[in-house]
Amino acid sequence: MIVEEIGFSDKYNLCRLKVSGELFYISYDLFNDLDIKKEEELDFDVFSKIQADNSYNRAKNYILNRISYANKTSFEIGKILMDKGYEADVTDKVVDFLTSYNLIDDESFVRGFIADKSSINGWPKNKIRYKLKLKGIPDSLIDENLTLIDDDREYEKALYFAEKKARGDYSFKMKNKVYRHLAGKGFDFDVIGRVMGELFS
């Protein structure tokens, strides 16, 4: 394994090495520590360090590009990298890096997600809970932040959807349709019961 070229990437702030026809991107610190020189033959240990750092840097830059378009949870980032073929230790290191620079924050993500989906999309708590679980958010973090949704606000959303579905028809047949409609949207049964009592009493 021969070092054929040594260059520098301003875009990624990394050292670029061409080793036996293959490109590697490593940190300047590692480059200096290893004291790499052109035309040098690398031993296995040095080459392994280059490979590991290259993998980490490529994974990190790939994810930095992805999260510039949309926020992700730590679970989602791990899944994206694993699906791309990165090892678990590389994935963990990238997540640690992003967390240390506050580029990902699951708790802030949860609060923002709940606020948006509740107020803008009109989602009920159960639907929000389900979607957050798909994003790998722990139940404890979900439960803690779902208390941000006021019970009366949840009722108002359910009442709005119920009235929209009923369109002034308060027959027994429509009552069943409205019930199934609200249940399908993910409203709690106590909220549904309160709405049904209001509209179909």
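The structure is a predicted model, in which local features need pLDDT of at least 70 and side-chain atom pairs count only at pLDDT 80 or more, whereas totals for chains, interfaces and linings use all residues. Residues are numbered from 1 along each chain as its sequence is written, and side-chain values use heavy atoms, with hydrogens and water left out.

Asn145 lies in helix α7, residues 139-146, where helices (H or I, at least four residues) and strands (E, at least two) are DSSP runs numbered from the N terminus. When neighbours within four places in sequence are left aside, Asn145 is in contact (heavy atoms within 4.5 Å) with Glu107, Val110, Arg111 and Ile114.

In the protein as a whole, the secondary structure comprises ten helices and three strands, and the order of elements from the N terminus is β-β-β-α-α-α-α-α-α-α-α-α-α. The C-alpha trace spans about 85 × 25 × 25 Å along its principal axes. The radius of gyration, taken over C-alpha atoms, is 26 Å, while a compact globule of 201 residues would have one near 17 Å, by the rule of 2.2 Å times the number of residues to the power 0.38. Of the 201 residues, 39% count as buried. Among contacts between residues at least 6 apart in sequence, 54% join residues at least 24 apart.

Two packed helices are described by the angle between their axes and the distance between the axes. For helix α3 (residues 74-83) and helix α4 (residues 88-100), the angle is about 145° and the axes are 9 Å apart; axes are lines fitted to C-alpha atoms over the stretch in contact, and angles run from 0 to 180 degrees between N-to-C directions. On the α3 side of this contact stand Ser74, Ile77, Gly78, Leu81 and Met82, which meet Ala88, Thr91, Val94, Val95 and Leu98 in α4. The residues of this contact divide into seven nonpolar, three polar and no charged, where Ala, Val, Leu, Ile, Met, Phe, Trp, Tyr, Cys and Pro count as nonpolar, Asp, Glu, Lys and Arg as charged, and the others, Gly among them, as polar.

Within α3, the buried residues are Glu76, Ile77, Gly78, Ile80 and Leu81, and their cover includes α2 (44-67), α4 and α5 (106-119). Helix α3 is followed by Gly85, whose phi is positive, near 95°.

Methods. Buried < 20%, exposed > 50% of the residue type's maximum accessible area, 1.4 Å probe, protein only.
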